[in-house]
Amino acid sequence: MKVGGFVLAGLLGLAALWVAGFVWFATTLPARVEDEHSHTDAIVVLTGGSERLTTGLALLQAGLARQLFISGVHRGVEIADILKLANNAPPELAATIALGHVAGDTVGNAAETAQWATRHDVRSLRLVTGAYHMPRSLTELGYAMPDVAIVPHPVFPEGVKSQEWWRWPGTAALLATEYTKYLAAVARHWFLPRKSAP
């Protein structure tokens, strides 16, 4: 076989592996919240949809943690703006909410959350983000905070049809992009030294 043939065979093999991995990724995404009741030191919401914020606020009001940290908030958005999303939220809830305005992506979310968690002696947290985003979020936050126990609490945006993703081109494209980013996150951490405890 000529060199070109080897290259083509290698590329086809990589493509086949990517497709197989993508199907595994799409079909193993969370379909429900596995642990709805465990109490943690904090709730962490990664911004990216109103469902995440309302879920985080509801969990805080239900007493599942003593504080809520929202990472990746747009500059200019304040706690009062966040509380408007919660129906009948008591004013004293504001004292238990902190906002992070620095993060612009999931890696930044992890770094921002780790810094906040260290300052507040957080040893366990409930992570709220989209189900499709949860694998990468757990990878990044787990790397940034190896000694913090993380309870996943996925939310399920109405526009993401993850249960029948192959029928919805928009969802399929979103999941394919997220899977590629997840692979990049895993690969990056293979080549980086493991972080020590804060």
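**Helix packing and aromatic pairs**

Analyst: H5 passes H6 in a left-handed crossing. Please bear in mind that this is a predicted model.

User: How is the relative direction of H5 and H6 described?

Analyst: Angles under 35 degrees count as roughly parallel. Here the axes of helix H5 (residues 134-144) and helix H6 (residues 169-190) cross at roughly 20° and come within 9 Å. H5 and H6 are therefore roughly parallel to each other.

User: Which residues of H5 and H6 meet?

Analyst: From H5, the residues are Pro 135, Arg 136, Thr 139, Glu 140 and Tyr 143. They meet Glu 178, Lys 181, Tyr 182, Ala 185, Val 186, Arg 188 and His 189 of H6. The residues of this contact comprise 5 nonpolar, 5 charged and 2 polar.

User: How many aromatic pairs are there, and how is the geometry of a pair read?

Analyst: Two rings pair if their centres lie within 6.5 Å, and the count here comes to 8 aromatic pairs. One of them joins Phe 22 and Tyr 179, with 6.1 Å centre to centre and 50° between the planes, a tilted arrangement. Phe 22 belongs to helix H1 (residues 3-27) and Tyr 179 to helix H6, 157 residues apart. Both Phe 22 and Tyr 179 are buried.

User: What is the geometry of the pair of Phe 25 and Tyr 179?

Analyst: The ring centres of Phe 25 and Tyr 179 are 5.4 Å apart and the planes stand at 45°, so this pair is tilted. Phe 25 lies in helix H1 and Tyr 179 in helix H6, so the pair ties together parts 154 residues apart in sequence. Both Phe 25 and Tyr 179 are buried.

User: Which residues form the aromatic cluster?

Analyst: Trp 18, Phe 22, Phe 25, Trp 165, Trp 166, Tyr 179 and Tyr 182 form one aromatic cluster.

Methods: Residues are numbered from 1 along each chain as its sequence is written. This is a predicted model: local features need pLDDT of at least 70, side-chain atom pairs count only at pLDDT 80 or more; totals for chains, interfaces and linings use all residues. Side-chain values use heavy atoms; hydrogens and water are left out. Axes are lines fitted to C-alpha atoms, for helices over the stretch in contact, and angles run from 0 to 180 degrees between N-to-C directions. Helices (H or I, at least four residues) and strands (E, at least two) are DSSP runs, numbered from the N terminus. Angles under 35 degrees count as roughly parallel, over 145 as roughly antiparallel, 65 to 115 as roughly perpendicular and the rest as oblique. A crossing is left-handed if the near helix is turned anticlockwise from the far one by less than a right angle, and right-handed if clockwise. Contact means heavy atoms within 4.5 Å. Ala, Val, Leu, Ile, Met, Phe, Trp, Tyr, Cys and Pro count as nonpolar, Asp, Glu, Lys and Arg as charged, and the others, Gly among them, as polar. Rings of Phe, Tyr and Trp (its six-membered ring) pair if their centres lie within 6.5 Å; planes under 30 degrees apart count as stacked, over 60 as edge-to-face and the rest as tilted. Buried means under 20% relative accessible area, exposed over 50%, partly exposed in between (1.4 Å probe, protein chains only).
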